[in-house]
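I opened this model to get my bearings, and these are my notes.

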Amino acid sequence: MKRTPTSEAVVFPVRLGWLSIGALGILALALGTLQSVVEPALPLLQRELGVSPAEGALIGNALLVTGAVITPVAGKLGDRYGGKRVLVRLMAVVSVGGLTAGLAPNLPVLLLGQVLQGVMVGALPLSFILVRKHLTTGEAQAAIGLVVALFTGGSMVGTLFAGPIAEGLSWQWMFTLPTITIIATTLAVARLMPHDPPVPSQDGIDWPGTALLSGTLLAFMLGLATVTRDGGVPPFAVGAIALVVTALATGWVVVERRAASPMVDLRMLAKPAMWSACVLTFVITASSGMVLLLLPQLFAVPADGYGFGAGTTDIGLFLLPGAIAGAVSDSVGGIAARRFGPRAVVVVGGVVTAATMIALASLHTAEWQLVLAKVLTAFAAGVGTTALLAGTATVIETKDIGIATSLLVVTRVIGVALGAQIAGAILDAGTEPMTGRPAESAFVTGFAVAGLVAALSLLVVRITKEGARA
């Protein structure tokens with residue numbers, strides 16, 4: 001008789017209808033859409049808000065920084081308090097952020113909205129918790145695949161429709177319409193999804209570490225935008241910014257080393273497989289982040305000079321093949337890592353990206369050249385980072401996989417954010433006083449730097465390989 005409750009407990013979680021899975025999928029689609037509307041609309045947002053490329057880069061980076069911080073925390077919160085409960089609350093924060101961005105009159109308010117929206121990154125691990133608890137293994141795999149596919153599809157929807165919405169209505173509606181869908185589907189998830197019991201745990205949530213990492217990343221990005229803005233800032237201010245960032249980063253390291261359950265276990269970085277994967281991921285994504293900002297800006301430069309005068313709708317269409325290539329690369333990266341090894345995949349990706357960027361620095365007179373460059377670099381970056389993620393997960397001990405992959409995801413996000421910020425700074429430095437637009441030489445410099453950064457991955461592979469032999 002004692003086995004009956006256990007048996008029933010096992011059967012009960014399987015009772016999850018596909019209507020609930022559909023609600024999770026639509027939520028993922030709306031989240032992916034909201035996340036991706038900024039990239040094609042960035043030139044338009046800069047014009048409407050009267051900000052420079054470096055300041056404009058903060059619009060996308062604010063979301064990325066929050067996502068980097070929430071990624072390691074979301075799963076722990078879901079396990080402790082229940083996936084459904086935490087998901088609904090996170091979506092409430094995302095909804096507030098989306099509406100704030102939709103009503104934003106200026107850059108600071110829009111940045112606040114983006115920071116709040118960034119917690120959407122936690123929706124995917126929470127969705128995985130829910131389907132694992134309520135479905136059999138095979139059904140859970142199918143459901144997870146559906147949710148991830150719809151999230152990726154949402155990024156394509158956002159890239160494609162940001163322009164028509166912004167130009168037909170206003171840029172505020174790019175944020176408002178997906179947010180309305182998120183609110184509706186969150187209510188559906190709350191009603192349809194069964195409650196999942198929390199899992200007792202002795203590990204606490206590292207709130208001090210979370211707060212310090214958030215402060216470090218935000219201070220660094222804001223400081224970089226401030227230092228590189230037109231006219232610059234006095235040396236004393238630069239020193240003060242550097243001191244604040246250093247103090248926050250040092251405090252975070254101290255807290256993480258002493259925490260019983262740290263947000264990021266820094267001891268993982270001492271393992272060769274881990275630190276080399278982090279360095280390579282950072283280099284790859286920094287180059288990718290530069291491309292992410294440079295191409296839409298070049299598309300938007302008026303056609304009376306060296307640009308193409310593309311509107312937001314056209315920019316979205318030009319970027320769509322790259323978004324598709326990035327989505328395909330996520331599935332190819334794991335397969336390539338198993339067959340050829342992560343290092344070989346990274347080397348090929350680094351060569352492709354470096355060659356593409358160097359070629360683009362000298363040849364960028366037609367739209368198809370930029371579109372092809374976006375496809376090649378997006379695919380190379382996606383394959384490389386996914387191969388590193390898959391390779392690390394196979395060499396790290398099973399008990400450390402969650403920590404290791406979270407650390408790589410955080411590194412990936414930081415690399416993209418930093419690369420975009422550096423690209424914005426290069427364009428700001430090359431802005432012509434008469435036109436208020438970056439000179440063509442600024443884009444040439446940006447592409448060349450992105451290529452050199454990508455080439456650094458080859459050097460890192462060589463150094464880490466020799467270190468492993470030693």
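**Whole chain**

I started with burial: 50% of the chain's 470 residues count as buried. Buried here means under 20% relative accessible area, exposed means over 50%, and partly exposed is in between, with a 1.4 Å probe and protein chains only.

Before going on I noted that this is a predicted model, where local features need pLDDT of at least 70 and side-chain atom pairs count only at pLDDT 80 or more, while totals for chains, interfaces and linings use all residues. Residues are numbered from 1 along each chain as its sequence is written, and side-chain values use heavy atoms, with hydrogens and water left out.

Next I looked up the secondary structure and found 17 helices and zero strands. Both are DSSP runs numbered from the N terminus: helices are H or I with at least four residues, strands are E with at least two.

Then I looked at contacts, meaning heavy atoms within 4.5 Å. Of the contacts with a separation of 6 or more, 82% are between residues 24 or more positions apart.

**Helix α5 with helix α6**

I looked up how α5 (residues 83-102) sits against α6 (residues 107-117): their axes come within 7 Å and cross at roughly 160 degrees. The axes are lines fitted to C-alpha atoms, for helices over the stretch in contact, and angles run from 0 to 180 degrees between N-to-C directions. That angle makes α5 roughly antiparallel to α6. For the wording, under 35 degrees is roughly parallel, over 145 roughly antiparallel, 65 to 115 roughly perpendicular, and the rest oblique.

I also noted the handedness: α5 passes α6 in a left-handed crossing. Left-handed means that the near helix is turned anticlockwise from the far one by less than a right angle, and right-handed means clockwise.

Who makes the contact? On α5 I listed V93, V94, V96, G97, G98, T100 and A101, and on α6 V109, L110, L112, G113, L116 and Q117. By class, the residues of this contact are eight nonpolar, five polar and no charged. Ala, Val, Leu, Ile, Met, Phe, Trp, Tyr, Cys and Pro count as nonpolar, Asp, Glu, Lys and Arg as charged, and the others, Gly among them, as polar.

**Helix α3 and two partners**

I turned to α3 (residues 38-49), which packs with α9 (residues 171-192) at about 135 degrees, their axes 9 Å apart. α3 and α9 are therefore oblique to each other. From α3 the contact takes V38, A41, L44, L45, E48 and L49, and from α9 it takes W171, M174 and F175. I wrote down eight nonpolar, no polar and one charged for the residues of that contact.

I then checked α3 against α12 (residues 272-300), where the axes come within 9 Å and cross at roughly 60 degrees. This pair is therefore oblique too: α3 and α12. α3 passes α12 in a right-handed crossing. E39, L42, P43 and Q46 of α3 meet L292, L293, P296, Q297 and A300 of α12. This contact has six nonpolar, two polar and one charged residues.

**Two residues of helix α13**

Is G322 buried or exposed? I found G322 in α13 (residues 312-340), and it counts as buried because its relative accessibility is 2%. Neighbours within four places in sequence aside, G322 touches K374, V375 and A378. I also noted T377, 55 residues from G322 in sequence but 8.1 Å away in space, C-alpha to C-alpha.

A polar atom of the S329 side chain lies 2.6 Å from the backbone oxygen of G326. With neighbours within four places left aside, S329 is in contact with A378, F379, G382, V383 and T386.

**Two more single residues**

I looked up L389 in α15 (residues 367-395) and found it partly exposed, with a relative accessible area of 27%. L389 and A277 are 112 residues apart along the chain, with their C-alpha atoms separated by 7.8 Å.

My last entry is S127 in α7 (residues 123-134), which is buried with a relative accessible area of 5%. Leaving aside neighbours within four places in sequence, S127 is in contact with L24 and V147. I21 is 106 residues from S127 in sequence and 9.2 Å away in space, C-alpha to C-alpha.

Technical notes
Polar contact = N/O pair within 3.5 Å; in protein donor to acceptor, adjacent residues only side chain to side chain.
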